[in-house]
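Q: I would like to learn how to read a few features of a model like this one. Where should we begin?

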Amino acid sequence: MRLRPAFRGTELGLLVWVALLVALGFAAVVGAETEKLDAASLAVPLAYLSVALALHLFLVARGFRGDQLLLPLALGLTGVGLVLVERLAPAALLVQQLTWTIVGAGAFAAAMLIPRDLTAFARYKYTWAIAGIVLLLSPLLPVIGREINGARIWIGLGDILNFQPAEGVKILLVIFFASYLEENRELLARPPQRLGPFAIPPLVYLVPIVLMWALAMGVMVLQKDLGATLIFFGIFLAMLYLATGRATYPALGLVFFLAGAFVMARLFAHVEARVDIWLHPFAEELRFGPAYQIVQALFALGNAGLLGAGLGGGMPERIPIVWSDFVFAAFTEETGFAGALALLALYLVLVFRGMSIALRAPTPFLQLLAAGLSFTLAFQTLVIVAGNARLIPLTGVTLPFLSYGGSSLVTNFVIVALLLRVSDITRRVRGG
Amino acid sequence: MEIPFQIALWGVRLAFLLVLYLFLIRAFGALWRALRAEGELAARPAAAYLVVQTSYPQGPRVSERLPLRVVSAIGRDAGNDVVINDEAASARHALIEHSDGAWWVADQGSTNGTLLNGARIARRERLRDGDLVEIGRVGMRFEAAR
């Protein structure tokens, strides 16, 4: 049998630092709140670290020999996320987030085992596409659909267990695109025809772009979910570019998207409002109204300085719903430029590792899968951090691993599991 | 002597930042080592080659040595390890792999088939030094190192 345990020293070494980081974070946050430092603050970190250790031991016991960097990075970021939930959110949410972490760990373990052959995904590509669309539209159904804070993007039963299906759809879309593009990229990568000075691809090749664009715009209209629209379309264009190497596609897609967004902003009040808030947050009628959130976030970022106010020492609670959309602003206010820089560098290492796994993967499907998943993490981080800093209009996407939110956490753990599996396949094929 | 609470709290806060950076540095180090190990692996000489015997005008040069990996995909698509850009070759044509101490060739459901020493193969066949593998209009001699 090949189930020989594998010693994963690098991973274990990095997990020791994760343990220290989470323990110190909780000590500072709870200490600032209760005005004393004691061991009671370490209960939650200990619970979390036992989950982290369980995942490490699961990989060791399975004899898994792939990448050793992604899991500790994901667990480190999730741990900082728990510190921020403790700092920013009502106490009930910490218990929920801890529960979701355990669910996420379970999903990670399941994704490491099922399906046994990862490339089997490629065989059922239209099943994934249809499942993705059904899941995406499910919040529009009566009974299970929910509208929270003006966006109809939730499904749930009863008062608990609200899930955002758009999160899981990201993975299904990446799997679908990877298998679709593996099959059709030769066709799509053919040199475009020339029309005078313009290079245009033959019209049939535009069909998938137009379909995807229509779907994205549909999501924008029906569910008022700007963030998901942006993420889906971004994933699609990036993977199209990765598969074909033709910059025409993303350029064309971007023009489509901007044109669509411009028309939307004219037609729909909620899109127009977002743009107004972005451009003129300090306008008289906005700063205490709809722009209050971003204005407070800008003050938080402005007050950060080099080392910040210290964990537990700032005033991030002045930003409404800070624990979901504005964790980056809150983290920066309390740890300063130094903390924000280290945080972004951690995301960079995570994405870089994902892309390096993609580069080495043995088949186009696995390459596109790993690259698409890594890009998803990178793009989402970019969109929400830039939104926090008012570089682009704010869209409600989560900061991977850090924001409060169960659906996002579970999805991101599955993404990490899939990347680990690609690295494991590569290792078996290429040796090392 | 008791340390004032505020100083202790700031000590913990700064320790958090310090550990954040140490974790980052360790992660960078692990990334660097992983990439270097993978780079060395890629630079290691191949264990076997396909030596081109017959070709077509735009195809690989005759007597060119195409290195094989532990698993090598062969076909017309640019994503293959050995690319044969011939109309008679399928996008994913054949697979050559090293497992259980031997080399094997398997057809991947190609249209025109894979020939081993002149005979079309149905399933995975064992490769021996000097065997002739034909894909499309290209004939290649299998050559194992050592």
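A: Let us begin with a definition: two strands count as paired if DSSP finds at least two bridges between them. This is a predicted model, and in it strand β7 (residues 114-116) of chain B and strand β10 (residues 132-135) of chain B are joined by three bridges and run antiparallel.

Q: Which residue in β10(B) is the bridge partner of B:T114?

A: Strands of a sheet pair through backbone hydrogen bonds, either parallel or antiparallel. Here B:T114 has B:I135 as its bridge partner in β10(B).

Q: In what order do the six strands of the open sheet in chain B lie, and which are the edge strands?

A: The order is β2-β1-β11-β10-β7-β8, with antiparallel pairing. The edge strands, each of which pairs on one side only, are β2 (65-68) and β8 (119-120) of chain B.

Q: How should I read a pair of helices, such as α13(A) and α14(A)?

A: Two packed helices are described by the angle between their axes and the distance between the axes. For helix α13 (residues 327-360) and helix α14 (residues 364-388) of chain A, the axes come within 9 Å and cross at roughly 165 degrees; α13(A) and α14(A) are therefore roughly antiparallel to each other. Residues of α13(A), including A:F328, A:Y347 and A:L350, meet residues of α14(A), among them A:L373, A:L377 and A:I384. By class, this contact of α13(A) with α14(A) has 15 nonpolar, five polar and no charged residues.

Q: What confidence does the predictor give chain B and the complex?

A: Where pLDDT is low, the predicted coordinates should not be read in detail. Chain B averages a pLDDT of 86, and 95% of its residues score at least 70, while the complex is given an ipTM of 0.89 and a pTM of 0.84.

Technical notes: Residues numbered from 1 in each chain as written. Chains lettered and ligands numbered in written order. Predicted model: local features only at pLDDT ≥ 70, side-chain atom pairs only at ≥ 80, totals over all residues. Axes fitted to C-alpha atoms, helices over the stretch in contact; angles between N-to-C directions. Helix = DSSP H or I, 4+ residues; strand = E, 2+ residues; numbered from the N terminus. Parallel < 35°, antiparallel > 145°, perpendicular 65-115°, else oblique. Contact = placed C-beta atoms within 7 Å. Nonpolar A, V, L, I, M, F, W, Y, C, P; charged D, E, K, R; others polar. pLDDT = per-residue confidence, 0-100.
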